[in-house]
Amino acid sequence: MSIRTCMSLAFAFMVLAHGAPAVSAGNGSEDPQLTFGGQVRVRGYTLENMWDIDGDADGDKWSVMRNRARIHARADLPRGVRGFVRIANQNWGTGVTGAEGDDRWEVDNKSGKTFVDAAWLEVDEAFGLPMTVRLGRQDLFYGSGLLIADGQSQLASTANYLDGAWLRWSGLAGTTVDLLHFKDEENARADAAHDDVTLSGVYASRRPAGGRGVGDLYALRRSDQALGLDVWTLGARLGRERGPGLDYQLEGALQGGDHAAGRTHEAFAGDIRAGYTFDGTGSPRPYASFVALSGDDPATAGTNERWDVGYGGWPRYDDLLAWLYINLGAGNAMSGYDPVYADGSSRTGEVVYGNLLMTTLGLDLEPSRDLRLDVSVSRLRAHTAPGGALDIGTYARLRARYVYSPQLTLSLFAAVLDPGDAYGPGADRVHELYWETLLSF
Ligand SMILES: [Ca+2]
Ligand SMILES: [Ca+2]
Ligand SMILES: [Ca+2]
């Protein structure tokens with residue numbers, strides 16, 4: 001779609017908005033309600049060594065601006081019918097090229113291309129049953145984002161969509177059961193080439209009314225026909241959501257199925273985290289977490305034990321780790337200690353977390369009503385490495401967010417990875433700094 005077409009569409013939305021029947025809050029569900037909005041996000045990045053871990057090679061030394069614009073229209077219509085369309089562009093400036101891929105023109109989230117970021121229709125209490133059905137391009141996020149945090153995760157995961165069908169059954173009080181079927185990638189439409197990437201499954205959640213307890217059970221299947229991958233995941237999550245006093249989460253998942261090249265897939269993930277929010281100025285919340293994502297044991301050639309991250313990850317592990325774990329083939333220095341780090345990904349630019357044991361200590365606080373600070377330090381170790389050197393490094397990061405007005409926030413993010421022996425001798429520090437202004441209206 002050309003920019004001109006999108007501008008025309010945007011203009012048409014505005015005309016429709018002005019021409020729509022007058023609406024007001026609380027006028028009953030039988031009157032259509034149309035709402036429009038947008039977002040302008042500007043970031044300035046300084047990034048270095050996230051891929052080569054080498055201060056003498058500047059292919060990954062960036063000092064760039066990143067701009068994202070989105071407009072959306074939403075319709076709330078009679079009989080619980082809703083619609084939502086969001087059109088977006090994200091770019092790094094005019095004429096940008098990059099060794100990380102073909103990002104000059106017509107690529108979602110990277111170039112001058114304007115694209116459909118979300119487009120779905122939804123029916124609440126469909127056919128009088130306690131279920132909601134949503135069809136189309138949509139954002140998904142489940143639990144803490146271990147497996148489903150976003151869709152296309154290319155280059156720091158800024159496009160958050162999957163195409164497909166989502167059905168939520170809420171016939172039992174406090175419990176929802178979701179059925180999912182999404183086509184991550186269709187590629188060739190003809191089945192002569194089997195090249196689809198598909199996610200499907202069931203995700204059940206229990207949240208008793210009035211409490212902060214949560215419990216999830218899920219069974220998911222992701223297949224990548226091009227790689228010959230067919231992985232199922234069974235997982236459970238128990239926890240208590242954030243609030244005064246203690247919050248915690250325990251999550252565990254097992255994977256099995258077929259991996260590429262006729263191998264079997266057997267992997268696991270675990271996540272333990274807890275925090276405590278104190279009363280008083282700033283509501284300080286110290287927290288700690290341990291995340292384990294299995295790595296492949298080189299001694300068992302017929303089995304892949306490396307965790308398949310699916311669509312998990314960013315923003316769960318923060319921005320710099322999203323850059324570090326990008327599938328760049330041999331161009332990512334991670335391939336030195338984990339040659340199979342990108343197994344399970346058929347697309348350059350996907351974020352492929354795995355083979356990671358990460359322990360974190362942090363502190364979150366709000367010194368004033370408008371300011372929020374979060375600082376943490378993590379130790380990263382590989383679960384397995386053919387050479388035996390497991391220390392990935394020490395990772396420290398700071399996030400600050402200031403609410404200037406209800407619509408405008410200013411943020412700062414700074415992170416550094418001090419590489420360990422897994423990267424070999426002479427590895428240089430990785431760092432990232434970005435500022436962000438985000439206007440939502
Ligand atoms: Ca470098
Ligand atoms: Ca296909
Ligand atoms: Ca193995």
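Select leucine 324. Beyond its neighbours within four places in sequence, leucine 324 is in contact with Met50, Leu417 and Val430 (contact: C-beta atoms, placed from the backbone, within 7 Å). This is a predicted model, where local features need pLDDT of at least 70, side-chain atom pairs count only at pLDDT 80 or more, and totals for chains, interfaces and linings use all residues. Residues are numbered from 1 along each chain as its sequence is written, while chains are lettered from A and ligands numbered from 1 in the order in which they are written.

A nonpolar core is a set of buried Ala, Val, Leu, Ile, Met, Phe, Trp, Tyr and Cys residues joined through C-beta atoms within 7 Å. Buried means 20 or more other C-beta atoms within 10 Å of the residue's own, with C-beta atoms placed from the backbone. This core has 57 residues; Met50, Leu320, Trp323, Leu324, Tyr325, Val352 and Tyr353 touch the most other members. Helix 3 (residues 318-324) gives the most to this core, five residues.

Next, go to alanine 73 in strand 2 (residues 61-77). Alanine 73 counts as buried because 21 C-beta neighbours lie inside 10 Å. Now pick glycine 83: it is 10 residues from alanine 73 in sequence and 8.2 Å away in space, C-alpha to C-alpha.

Zoom out. The protein chain has three helices and 19 strands (DSSP runs numbered from the N terminus: helices H or I, at least four residues; strands E, at least two).

Finally, colour by pLDDT, the predictor's confidence in each residue, from 0 to 100. The chain mean is 88. Over residues 1-28 the pLDDT is below 50. Where pLDDT is low, the predicted coordinates should not be read in detail.

Methods. Two residues are in contact if their C-beta atoms, placed from the backbone, lie within 7 Å. A residue is buried if 20 or more other C-beta atoms lie within 10 Å of its own, exposed if 12 or fewer, and partly exposed in between; C-beta atoms are placed from the backbone.
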